[in-house]
Structure formats: C-alpha cells, structure tokens
Amino acid sequence: MRRFPALLTLLLAAVSSDLQAQSRSPVFSRDILPVLQESFAPLLERESGLELDSWQALMAGSDYGQVVIPYDASSSLLMRLSTELDPSDPLSAQAAAIDPAELALVREWIQQGAPNDEGIVAFADATNLLYACIEDAATVVVIDMDANMIIRTIDLQSLGFTADAKPHHVAVEPDGSAFYVSLIGDDVILKFNRRNELIGQTSFERPGMVQLHQNQDLLFVGRSMKAVNPPQRIGRLVRSTMELEELDVFFPRPHALTIHPDGQYVYVGSLAENRFATLDHEAENLELQSLEGDTHTLVQFAISPDGRTMVVGGQLTGLLLIFDISEPSAPQLTHQIKVGAAPWHPVFTPDGAQVWFGNKMANTATVVDMEARQVAAVIEGLAQPHGAAVSPDGRFVYLSNNNLNGAYQSRYTWRGETLPGAIAVIDAESQAVLRMLEVGPNPTGLGTK
C-alpha cells in the first residue's frame with residue numbers, strides 16, 4: 001500500500017482543520033469580543049454608557065439605546081457605523097481601518113442572532129413589547145418596553161411584500177400571542193405570531209387604523225388617510241380565519257376607529273366631514289352624528305380605561321373633542337379643548353388621569369389633565385410625532401416621529417441617508433424625553449397589548 005509522505009499528511013490535516021474552523025459559528029468571547037475591543041471600540045466613542053467588557057454589557061446598549069439588533073446586522077448601529085458613515089463624519093476614518101474579514105465575522109454573528117457563548121439570544125424572553133411601523137422602510141420594529149430598546153426587525157420585503165408596502169398601524173392580541181399590521185401600499189392586513197412569523201393575511205383596499213375586539217374573535221379596519229376616495233365602508237375581520245367582510249358607514253374617508261370596552265359599539269370618524277358613526281356591529285345598526293363648526297378631520301379616537309370617556313383629535317381645528325360615552329349607544333360631546341396644531345393619535349394613561357398625543361405640525365406633544373379638562377404640559381423637541389403608546393405600568397410614553405421635515409438630527413452623518421425617523425421614549429412622570437430610538441424613515445403607528 002502506498003503511503004502519503006508525512007509532510008503531505010500534515011498539510012492535509014492543517015487544511016482540514018482550517019476548513020473546520022471556517023465552518024464553525026463564531027463564538028462571542030473567542031471570536032467577537034476581541035475584535036470589538038480592538039477594532040470597533042474607536043467607532044463607539046459617542047455611545048456614552050456603553051461597555052465592551054462582556055456580552056451582557058454590549059447587549060444592554062448605550063444611553064441612546066441598542067447597539068446590536070439580533071438577526072439584523074444591516075440595522076444594527078455597530079454595522080452601520082462600520083459601513084454607512086458619510087466621509088464628512090470624522091469617525092469614517094476609523095471605519096475604513098476595520099479589516100473586511102473582521103467586519104464579515106461580526107456581521108455573521110449578528111445575523112445568527114448575536115448569541116452569547118451558550119447560544120442564548122438576547123431578549124428572547126421579553127414580555128412587554130411595542131410594535132412600530134416604519135412606513136417608508138417596509139419594516140416593523142419590536143421594542144422591549146422594559147429595556148427601551150429595539151430588539152427585533154421584521155423585514156416585509158423578505159416576506160415577499162413590496163418596498164412600497166407602507167406598514168401603517170398595529171393591533172396586538174390581549175395575551176400577546178399575535179399581532180396585526182395594515183399595509184397601505186400593498187392593500188393587505190397581515191397576522192404575525194409572537195415569534196414574528198407571518199401566519200395569515202387578507203386583502204383590503206387601503207387599510208389604515210386597526211382595532212382589536214377585546215372579547216370577540218374580531219378585528220376592525222378603517223381606511224388610510226392616504227386614500228383619496230376609498231369605499232365608504234370599514235372592515236370586520238375574523239382573526240382566527242382572516243376572513244373579512246365590509247360594513248357601510250355612509251360617509252367619505254372613514255379613518256378614526258375604536259371599539260367600546262363592552263364590545264358592542266364601534267365608533268368611526270370621517271376625515272372629510274364633521275360626522276362620525278356609532279355602529280352596533282352585532283345588529284349592524286348605524287347611527288350617524290354630526291359635529292358643528294369647521295371641518296375637524298377626525299384622526300383617531302381613544303377611550304378611557306373605565307369606558308366612560310372618549311376623545312378624538314381634529315387635525316385641522318387643533319381641538320381635542322371629549323365625549324361622554326357612559327351611554328355607549330349615544331356619545332355626547334362635552335368639551336372642546338384647544339391643544340395646538342394637528343393632534344394625532346391620543347392615548348390614555350392606565351389610570352385614565354391623562355391623555356397624551358403628538359402635535360404633528362408643531363413638533364410637540366401635549367398632555368391633557370382629564371379631571372381638569374385642560375392642557376397640563378407641552379413637550380418640545382419632537383419631529384412630526386404620529387403614533388402614541390403607553391407602557392403597561394404607565395412609566396413610559398412612546399411617540400413615533402415621522403421627521404419628514406428634518407426637525408430631528410441624528411448624532412451621526414450617514415451616507416445617502418433619507419431623514420431618519422425616531423421613536424421617542426418619554427418618562428411619564430418627569431415628561432422628559434429619555435431616548436430617541438432611531439429607526440428607518442417615517443415611523444407611523446404603534447401597537448401594544
């Protein structure tokens with residue numbers, strides 16, 4: 001039997017060992033942490049509060065939020081700083097010095113979920129989740145409301161939808177097991193499970209606001225503000241089957257939408273006329289009510305936790321309209337409060353004491369004291385605030401910022417970047433903006449259970 005020379009045997013063994021090493025998944029402490037500390041650290045000098053001494057510290061992010069988003073290298077700040085900085089930013093020289101092989105290694109690790117040495121992926125057990133539609137990026141981002149960081153990204157194009165899908169609004173199951181997203185551009189409503197997997201969809205022309213029925217297997221859908229002359233109907237969708245029917249409301253551009261806690265009545269407002277409908281959806285009985293004065297353009301409703309009060313913002317009049325709905329079938333307008341330009345999506349705090357909303361055309365947010373029926377505070381420093389949400393414990397308020405007017409400026413200069421959107425995290429007690437979580441362009445609707 002012929003034998004390979006010893007040198008050739010050793011060479012083959014070395015090649016085999018090298019190939020095995022290349023096929024191994026990167027291990028954080030061995031392969032990633034040293035690269036971060038030696039090559040990437042200079043890029044992160046503006047990230048105050050960030051430590052690079054462990055996986056836990058890296059995933060905890062900086063004072064500004066997340067540095068790594070598991071499974072999403074392209075949106076992770078770590079990779080963006082390495083590849084997308086404009087040459088005018090002084091940090092671009094540091095980015096250019098990073099070895100391409102190291103860059104590829106870190107990217108691979110993030111795409112695998114950025115796990116620790118034991119294979120654990122950060123935030124896999126997060127419970128208090130906020131979903132934010134990024135309309136002009138065709139994505140939905142998931143925010144952990146305990147950590148106040150973006151922890152996942154849902155890329156709709158990777159699921160077969162168009163770059164112009166325009167995700168607009170979100171509704172979440174009470175137990176958090178699934179959520180629903182309206183896509184204005186693709187004329188469809190999507191259903192995802194808790195693992196962000198697409199499990200259902202149905203067609204609907206220019207869907208806008210989506211509202212979950214709290215005790216029936218139903219979801220109601222209005223029409224988008226971007227639809228010029230949509231059907232004068234709303235959608236009623238069976239969540240378990242995604243079967244949908246349309247219900248007439250008999251006025252143009254039905255947009256504002258909510259459901260009374262008793263589940264019987266759905267309230268629908270018009271963008272075009274000073275009219276709204278009270279719909280007994282079980283009996284399919286509709287009562288129309290007109291409002292006096294200039295056209296408000298009713299953007300969105302919110303109902304107090306006790307189910308006795310409903311509010312809605314008037315885009316063109318700058319008024320917050322307050323209704324007594326203690327008799328749900330017959331809302332009574334009781335107050336009109338001047339609250340500034342374009343009050344958008346209102347949201348009650350869990351105790352019902354306050355209503356928060358963004359003033360889109362004023363780059364501010366307003367806090368209304370519901371007992372006094374007056375403005376309690378105005379918060380500056382926003383950029384076309386749109387959607388609003390409150391954490392379950394009432395500690396934080398979240399406002400999406402379209403920022404199509406450039407009022408918000410990133411702390412980095414990105415190459416060829418459209419204006420970045422942001423999700424403002426606000427301390428509800430101090431009313432201070434704690435973070436602006438940068439996301440893709442034009443974030444809109446927010447949803448949480």
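Which element gives the largest share of the lining of the second largest pocket? Strand β27 does, with 4 residues.

This is a predicted model, in which local features need pLDDT of at least 70, side-chain atom pairs count only at pLDDT 80 or more, and totals for chains, interfaces and linings use all residues. Numbering runs from 1 along each chain as its sequence is written, and side-chain values use heavy atoms, without hydrogens and water.

**Pockets.** A pocket is an open set of points on a 1 Å grid over the protein atoms alone where a 1.4 Å probe fits, with protein on both sides within 12 Å along at least five of seven lines; lining residues have an atom within 4 Å of a point. A volume is the space filled by probe spheres set on the points, joined across faces, edges and corners.

| Pocket | Volume |
|---|---|
| Largest pocket | About 1,100 Å³ |
| Second largest pocket | About 560 Å³ |

The second largest pocket is lined by 25 residues, and S75, R80, E438, V439 and G440 are the closest to its centre. Its lining holds 12 nonpolar, 8 polar and 5 charged residues. The lining of the largest pocket has 22 nonpolar, 14 polar and 1 charged residues. Nonpolar here covers Ala, Val, Leu, Ile, Met, Phe, Trp, Tyr, Cys and Pro; charged covers Asp, Glu, Lys and Arg; the others, Gly among them, are polar.

**Core.** The largest nonpolar core has 54 residues. Such a core joins buried (under 20% relative accessible area, 1.4 Å probe, protein chains only) Ala, Val, Leu, Ile, Met, Phe, Trp, Tyr and Cys residues through side-chain atoms within 4.5 Å. F40, L58, L78, V106 and L156 touch the most other members.

Terms used:
Helix = DSSP H or I, 4+ residues; strand = E, 2+ residues; numbered from the N terminus. Buried < 20%, exposed > 50% of the residue type's maximum accessible area, 1.4 Å probe, protein only.
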